[in-house]
Amino acid sequence: MFNWILIKRFGEMGVSAFAVVQYISLVINAVILGMSRGITAIISVNYGAKEYDRVRHILRLAIKTVTLTGISCTIFLLLFKNPLIAMFVPQNQGVFSTAQEIILFYSFTFIFVGANVVINTFYTAVNDPRTSAILAVLRYLLLMGSFVALPNIFGNVGLWLSFAVAEILCLFVSLLTLQKQSLFRAS
């Protein structure tokens, strides 16, 4: 769907520019995903041992860590976007400038995506696949809705911000589910 919107608005140049940004973001997403997967067993073991204080502590620490990582990566991308893009498209100025614009807005996604992934992983670790699946599907639906709605309101900027907006909305819902989760009602 997103490629179709890119082709319609920008042609092949837009798809190429977005591919460059996605190659760069794969590295950041791998780090965030690695952090979230790393806590799965720790949370699961402590949850099974009824060490709920540890579970809460680990989850909070993980959310803070991935959020700080996301902020750091966003700053890094904003500061070093040109040399990063040049690694992929050293001679195509159209793709280069479009990729610069995309990174300018898309990079803010990393501030919020980590917390969503960690919270989703938490529900898997405590054997609540229903909530985990609902949040995963919701995240996808919010992204699709953002792809369609935001470009109609904000133009190209809305397209690039649709990722961050979807992550922010999903994070809001994810945090609400945590508040309703029995482990977090009293703390």
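This section describes the fold, pockets, salt bridges and selected residues of a predicted model.

The secondary structure comprises eight helices and zero strands. Along the sequence the pattern reads α-α-α-α-α-α-α-α. The C-alpha trace spans about 55 × 30 × 20 Å along its principal axes. Of the 187 residues in the protein, 43% are buried. One pair of positions gives a sense of separation within the model. Gly-14 and Ser-132 are 118 residues apart along the chain. Their C-alpha atoms are separated by 33 Å. Gly-14 belongs to helix H2. With a relative accessibility of 0%, Gly-14 counts as buried.

Pockets were examined next. Rolling a probe the size of a water molecule over the atoms shows where empty space is left. The largest pocket has a volume of about 420 Å³. Its lining consists of 19 residues. Nearest the centre of this pocket lie Asn-29, Val-113, Val-117, Arg-139 and Glu-167. Two or more lining residues come from each of helix H2 (12-48), helix H5 (109-125), helix H6 (129-154) and helix H7 (156-180). H5 gives the most to this lining, with six residues. By class, the lining of the largest pocket holds 11 nonpolar, five polar and three charged residues.

The second largest pocket has a volume of about 190 Å³. Its lining is made up of Leu-59, Arg-60, Ile-63, Leu-175, Leu-176, Leu-178, Gln-179 and Phe-184. Helix H3 (52-86) and H7 are the elements that give two or more residues to this lining. The largest share, four residues, comes from H7. The lining of the second largest pocket divides into six nonpolar residues, one polar and one charged. Side chains of opposite charge can pair when their charged atoms come close. A search of the whole structure finds two salt bridges. In one of these, Glu-167 pairs with Arg-139, and the closest N and O atoms are 2.9 Å apart. This pair links distant parts of the chain: Glu-167 is in helix H7 and Arg-139 in helix H6, 28 residues apart. Glu-167 has a relative accessible area of 8%, so this residue is buried. Arg-139 is partly exposed because its relative accessible area is 26%. Both partners are also among the residues nearest the centre of the largest pocket.

The other salt bridge joins Asp-53 to Arg-56, with the closest N and O atoms 2.2 Å apart. Here both residues lie in helix H3. They are three residues apart, about one turn of the helix. Asp-53 reaches 58% relative accessibility and therefore counts as exposed. Arg-56, in contrast, has a relative accessible area of 14%, so this residue is buried.

On the surface, a nonpolar patch is formed by Leu-68, Ile-71, Ile-75, Phe-76, Leu-79 and Phe-80. Together these residues have about 580 Å² of accessible area. Phe-76 is located in helix H3. Its relative accessibility is 43%, so Phe-76 counts as partly exposed.

Most residues other than glycine have a negative phi. Lys-50 is not a glycine, yet has a positive phi of about 60°. This residue is found in the loop between H2 and H3. Lys-50 is exposed because its relative accessible area is 59%. Asn-127 likewise has a positive phi of about 60° without being a glycine. Asn-127 sits in the loop between H5 and H6. At 65% relative accessibility, Asn-127 counts as exposed.

How values were computed: Residues numbered from 1 in each chain as written. Predicted model: local features only at pLDDT ≥ 70, side-chain atom pairs only at ≥ 80, totals over all residues. Heavy atoms only, no water. 1 Å grid on protein atoms, 1.4 Å probe; cavity = no way out; pocket = protein on both sides within 12 Å on 5 of 7 lines; lining within 4 Å. Points joined across faces, edges and corners; volume = space filled by probe spheres on them. Nonpolar A, V, L, I, M, F, W, Y, C, P; charged D, E, K, R; others polar. Patch = residues over 30% accessible without salt bridge, like charges linked within 9 Å, V, L, I, M, F, W, Y side chains within 5 Å. Areas by Shrake-Rupley, 256 points an atom, 1.4 Å probe, with all protein chains shown as cover. Salt bridge = Lys/Arg side-chain N within 4 Å of Asp/Glu carboxyl O. Buried < 20%, exposed > 50% of the residue type's maximum accessible area, 1.4 Å probe, protein only.
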